[in-house]
Amino acid sequence: MRIPKSLSLRFLVSAALLGLAAESALAQRLVVPGTGQRDERYGDDFEDEEWTYHTNLPKASREQDGQTRDPLGYSANGKWKESPKRGTPEIVERVAPPAGGLPGSTGALSMRSQYAGIPNRPMRDGGQDDLIFNGSYVSVNRSPNVVVRVFVPPFEEWEKRTGTSFGFRISATTMITEKKPGLRIFGGGTQKKSETYYPGLFIQYNARDARNPQESAVLVIRGQDSGHDYAGPPITPGWWTLGMSVTPDGRFHYFARPGVENLRPQDHVASHSPYGYRALHINSYFFNVCNGDTGQWSTPWIIDDPCLHYGDTAANPPQQAFGPGGIRR
């Protein structure tokens, strides 16, 4: 059936208005990372000249060989800790920020990994280390959000391997329904269970090869509602501001902007409910350093001024500390 032109025009106008309304509604629901009430207890500016991290090598590699190798690494200020599951980068140290960083900043954090799997046993299949912020358990009703400045080094300093090199992630908790264990003859059934998952932003390097004549880097979002990762905007060398927020509907919102200026609504990259989950709480934020696990050093990564904010601007910040547990991919 052919639709009359008048109705077609009316339909197109209505559809356009609905689209604008949907975009406006999303904008109203978004919380821009770095806005709201900043909680200084759950951030680190690395300005203390005595800032120190005790790596306590050899590091943990419970994910690969079941070994935790206590005591785990920790920062002297009590804000950072090693993952018992995968360990911490071999180099975690305070450095002077590269040029173009936050105005007035005199300290930043450098991270670099050599054996990103089992200490001194390169597996050559890729690996990652974790540096976890030892912070706060926050309900998504507070619209928690985290922002960090990341220095992306010149391409000549990168590990020459196509793949993930850096990650900025949040540990979140939801409730899922699963089948009860037991014999089928008794009818089975379901039960509720707490599930922890780890959305985030990765930076992937694309090495020069026959199909890729020019090396490049790209932001990778983890992940879609289906759980799949996908490539976002390109990343260029220099300082970047990255952020993530979680709104009371349990959705994650990802932001990125070149430079060190505060994030804006137009820096929104994507919004998802990764794995189809609705987040109830966030448990921590953390950073990954990845390499090919060949015994060669990873790309050097530098961060500055990571901090947690509350988008609801409520006066009473949470008091419960992060619970135990490692970080997984």
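This is a short tour of a predicted model, stop by stop.

**Before you start.** Residues are numbered from 1 along each chain as its sequence is written.

**Whole chain.** Colour by pLDDT, the predictor's confidence in each residue, from 0 to 100. The average for the protein chain is 87, and 84% of the residues score at least 70. Select residues 1–28: the pLDDT there is below 50, and the stretch has three contacts beyond near neighbours in sequence (a contact means heavy atoms within 4.5 Å). Then select residues 314–329, where the pLDDT is also below 50 but the model has 56 contacts beyond near neighbours in sequence.

**Secondary structure.** Switch to a cartoon view to find two helices and 19 strands. These are DSSP runs numbered from the N terminus: helices are H or I with at least four residues, strands are E with at least two. Of the 329 residues, 49% are buried; buried means under 20% relative accessible area, exposed over 50%, and partly exposed in between (1.4 Å probe, protein chains only).

**The core.** Select Trp80, Phe166, Phe168, Ile203, Phe287 and Ile303. These have the most contacts inside the largest nonpolar core, which has 48 residues. Such a core is a set of buried Ala, Val, Leu, Ile, Met, Phe, Trp, Tyr and Cys residues joined through side-chain atoms within 4.5 Å. Stay on Ile203: among the residues it touches are Val152, Trp158, Phe166, Leu219 and Trp301. A second, separate core has seven residues, including Val95, Leu102, Ala108 and Ile302.

Select residues 252–258, strand S16, in which six of the seven residues are buried. Strands count as paired if DSSP finds at least two bridges between them. Across this pair, Met244 stands opposite Tyr254. Five residues lie between the strands of this hairpin, and Gly250 in the turn has a positive phi of about 80°. His253 stands opposite Ser271 in S17.

**Cysteines.** Finish with Cys290 and Cys307. Are they buried or exposed? Cys290 counts as buried because its relative accessibility is 2%, and Cys307 is buried at 0%. The disulfide count (cysteine sulfur atoms within 2.5 Å) comes to zero.

Definitions and conventions:
Heavy atoms only, no water. Lists of a residue's contacts leave out its neighbours within four places in sequence.
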